[in-house]
Amino acid sequence: MGMQEKLQELEARRAVLMQGGGAKAVERQHSRGKLTARERIDIFLDHGTFTELDIWAKPRMTGFDIDNRELPGDGVITGFGEVNGRPVYVYAQDFTVLGGTMGSTAGKKIVKVMRRALEERVPCIGLVDSGGVRIQDAVTRSMFDGYPAMFYQHTLASGVIPQITLMMGPCAAGAAYSPAMTDFVFMVKNTSHMYVASPSLIKAAQFVDTTDQELGGAMVHATVSGCCDLVAENDEECLMQTRELLGFLPACNTEKPPVYECDDDPNRRDEELLCIVPDRANAAYNMRELISHVVDHGYFFELKPDYAPNMITGLCRLDGHTVGIIANNPQAKAGAIDINASDKEARFIRFCDAFNIPLVFFVDTPAYMPGVEQEHGGILRHGAKVLYAISEATVPMITLYIRKAYGGGSSAMCSEPLGSDLLLAWPTAELGLMGPEGAVSIIYKKEIEGAEHPEEVRAKRVEEYKSTFGKFPYHAGHVQWLEDIIDPRDTRPLLIKALRQMEKKQKSDRVWKKHGNIPL
C-alpha cells in the first residue's frame, strides 16, 4: 500500500471517529437543545486552532457485552487550542457516545490534559455532559483511571492555573465534585444539572419526589447552593461567556492579567456619581449603577449575581487593567453580610489574590447579619473566612467607603489593619462601631432611663454625639480610619492613579509556613 492509499485510509478512519456516536445520537442530542462535543469545541476555540489528542484511544476491555460496541475516543474529546490567541487545554465529554459515561480510557485522557495544562501553565477548561461512571468499566478498573485522579489534579492546579467547568448536561454522584473543585462553574439553563444523589435515590431513601432541575438544575445552583457562577440560556452563550471570562485572567499565577488598550479617559469625572446615593442614610440605591460609572466603558462582568445578592462580586477593567470588585448591595438585606455573602466574598478574594488581580472594595454595610439562624449556622466561622482571605491576600487592595461601615462589617470590607493599601471615603460615608443612636443608647443608658424626659435627653445626646465622635466622615479622618475624603466624581481617576502606584507592591511580612488553616 502506497502513501496515498495509507493517507486515504487514515482520513476514512478519522472521519468515522469524528462522527461520535453516529447520526441518530447526534440528532437526539440536538433534539434536547444541546450541541455536540465537537460543535462546542468549534465555537469555544479560535477557528482552526484545535489540536486533538488521543482520538484513536479505545475503551478498556471489561468482559461485558459493552466490549462489542464502538465507542469513539471512549466518550471524551481532549486537546489544546487558543482563545483570543492565548493557549488553553480543553476536554469535552461526548454524550453521543454511550451518554458520555466515564471509562478508564476517558479518565486517562482527561487527567493527561489536566496534567499538561499545569505543566505548561495554561488554563484548563472542562465541558461536562456525562451520565457518570460507566459501571461495566468501574467494577474492575484501577482507581487511578477515574475521578479520584481528577480530584488530585484539580488540587495541584488550584491557584496555579485557571480551571473552569462548563456544565452542559448531566453530572451526578462523585463526578459532581470535579466541577465544585474548579474556580468557576457555568451552567446552561434547563439542560444541565448536577447532584450527588439522583431524584430516584432520594425517592428510595427519603420518599421525597423531586426532578433533576428541582434538585440540581442551573437556577438551583445559581440561587440556592452557590455552586454555579453564571447561568447561560444555551450552549453557545455559555461558551462565549467563558471566552469573555478568560479575557480577564492571566494564563497562570506567575503572570499578570492581559492589559487592553483603553479609549475610556482615565481622568473621566462622572457627574452622575453625585446623584446616586440618597440623602436619607437608610434609603437603598443601585450599587451596580455606581460601579458602572467608575469602570471602563461601564462594563462589569458579575459573578454569582443571583447568589447572596447582598454581596456583589465580579471583574472589570480600569484603564485596561483587570480589577476585582467587591461591593455591598444596599438593595438586598441593606448590604448586611450573612453566611452566604461571607463565603462568596472570601472565595472571590482568594481567586483574585492567586491570579494577581487587584481588589477594590465598595463599602456600604451595617455589619454582619444578626439573628439566631445566622449564629446557629456558624456566622462566626463563615465570617472568619473573609477576615482570613483579606489578611492573606498580597495583591493591591483599595477600600472606598460609600456610606455605612459599622462594626465588624468594616473589617469584612478590608480595613487598614487587615491589609488595605488605600482608604478613601465619599462625603456620605459613616464609619464607626455603630450608628449614633445605638452608641448613645449604650453610653448614656442610665442617664436616659433616669431622666424625667428620657426622649429629650436621648435626642440631646444624639446631637452631641453627631457633632463629635459621630461627625461623619470627618471623625474617621481625625483618627485615621480613612486617608482621604474625596469628591465622588474623582473616584475613577483616583483609583486608576493608585493602582498604577501599587503595581509593584510586595508584602514583606510573610513568614514561611506549609499552609494556613483557614476556618472552613
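Let's start at one residue: T78 has 0% relative accessibility, so it counts as buried (buried is under 20% relative accessible area, exposed over 50%, partly exposed in between, with a 1.4 Å probe and protein chains only). T78 sits in strand β2, residues 76-83. Helices and strands here are DSSP runs numbered from the N terminus, with helices being H or I of at least four residues and strands E of at least two. Leaving out residues up to four places away in sequence, T78 touches F50, T51, E52, L53, V90, Y91, K109, I110 and V113, where contact means heavy atoms within 4.5 Å.

A quick word on what we are looking at. This is a predicted model, in which local features need pLDDT of at least 70 and side-chain atom pairs count only at pLDDT 80 or more, while totals for chains, interfaces and linings use all residues. Residues are numbered from 1 along each chain as its sequence is written, and side-chain values use heavy atoms, with hydrogens and water left out.

Now the overall layout. The protein chain is divided into domain 1 (11-246), domain 2 (269-428 + 472-500) and domain 3 (434-470), with bounds that come from an automatic or database domain assignment. Taken over C-alpha atoms, the centres of domain 2 and domain 3 are 30 Å apart. An unreviewed UniProt entry annotates residues 3-261 as "domain: CoA carboxyltransferase N-terminal"; its positions are in the numbering used here, feature names are shortened, and annotations may be inferred rather than shown by experiment. Over residues 3-261 the chain is 39% helix and 17% strand.

Next, please find R32, in the loop between α2 (23-31) and α3 (37-44). Its relative accessibility is 43%, so R32 counts as partly exposed. R32 touches F95 and T191, again without residues up to four places away in sequence. R32 and G169 are 137 residues apart in sequence, yet their C-alpha atoms are 9.8 Å apart in space.

On to helix α10, residues 218-225. Which of its residues are buried? They are A218, H221 and A222. These three lie on the same side of α10, because they cover an arc of only 95 degrees around the axis, the arc being that of the directions from the helix axis to the C-beta atoms. The buried residues of α10 pack against β7 (184-188), β8 (193-195), α9 (212-216) and β9 (230-232). Just after α10, G226 takes a positive phi of about 80 degrees.

Seven of its eight residues are buried, so β12 is largely enclosed by the rest of the structure. What are its partners? Strand β11 (residues 311-318) pairs with β12 in the antiparallel sense over eight bridges, where pairing takes at least two DSSP bridges between two strands. Across that pair, I312 stands opposite A327 in β12. The hairpin of β11 and β12 has two residues between the strands, and D319 there takes a positive phi near 55 degrees. β12 also pairs with strand β13 (residues 359-365), in the parallel sense over four bridges, and F361 in β13 is the bridge partner of I326.

Last stop: Q374, in helix α14, residues 372-377. Q374 is buried, with a relative accessible area of 13%. Beyond four places in sequence, Q374 touches D338, I339, M369 and I379. Q374 and E447 are 73 residues apart along the chain, and 33 Å separate their C-alpha atoms.
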